[in-house]
Amino acid sequence: MPPSLLYVVKQVELAVRSHLDELLRPHGLTTSTYTALTVLERRDGLTTADLARTSFVTPQAMADIVTALEGRGHIVRSPDPAHGRRLRTSLTPAGRALLAAVRDEVDALEERMLGALDDDERAALRSHLDRCRAALS
């Protein structure tokens, strides 16, 4: 009997994370810090709590990630004009440059993972995974 799809999905996730950690390490990043930066690249101005939700970590873990990234100059936090106590998080030029520096390697990893799939199969895989994610949301 073949393994369940849940098991296969978890195996893929673990393999991706292992390879990502390996290629990000020389740049001073982990998969979690990289994820936070890429989320901010797409959705500027998130609070730490919102960033945690969209980056798949706890708010406490994200607080540590934000502190580290801010200390390295990759992000900046500023008060939300509408809610003075909230801090909005944004990438700095250094953060954008860091993402640009790793983009080719990350793209190559994705291509390696999808190399045996043609364009239609890639689109179908994305569609199927999006529907699976939506079903669990």
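Start by selecting Glu-111 and Arg-122, whose side chains meet in a salt bridge at 2.8 Å, N to O. A salt bridge here is a side-chain nitrogen of Lys or Arg within 4 Å of a carboxyl oxygen of Asp or Glu. The pair links distant parts of the chain, with Glu-111 in helix 5 and Arg-122 in helix 6 (residues 119-136), 11 residues apart. Glu-111 is partly exposed at 40% relative accessible area, and Arg-122 is partly exposed at 21%. Buried means under 20% relative accessible area, exposed over 50%, and partly exposed in between (1.4 Å probe, protein chains only).

A note on the source: this is a predicted model, in which local features need pLDDT of at least 70 and side-chain atom pairs count only at pLDDT 80 or more, while totals for chains, interfaces and linings use all residues. Residues are numbered from 1 along each chain as its sequence is written, and side-chain values use heavy atoms, with hydrogens and water left out.

Next, select Arg-103 and Glu-41. Their salt bridge has its closest N and O atoms 2.7 Å apart. This pair also links distant parts of the chain: Arg-103 is in helix 5 and Glu-41 in helix 2, 62 residues apart. Arg-103 is partly exposed, with a relative accessible area of 33%; Glu-41 is partly exposed at 31%.

The structure holds eight salt bridges.

Now select helix 2, residues 31-42. Its 12 residues reach 17 Å from first C-alpha to last, close to the 16 Å expected at 1.5 Å a residue, where the expected span is 1.5 Å times one less than the number of residues. Of the 12 residues, 10 are buried, including Tyr-34, Leu-37 and Val-39. Show what covers the buried residues: helix 1 (5-24), helix 5 (93-114) and strand 2 (83-91) are among the elements there.

Finally, colour by secondary structure. There are six helices and two strands, in the order α-α-α-α-β-β-α-α from the N terminus. Helices (H or I, at least four residues) and strands (E, at least two) are DSSP runs, numbered from the N terminus. The C-alpha atoms fill a box of roughly 55 × 35 × 25 Å along the principal axes. Buried residues make up 28% of the 137 residues.

How values were computed:
Contact = heavy atoms within 4.5 Å.
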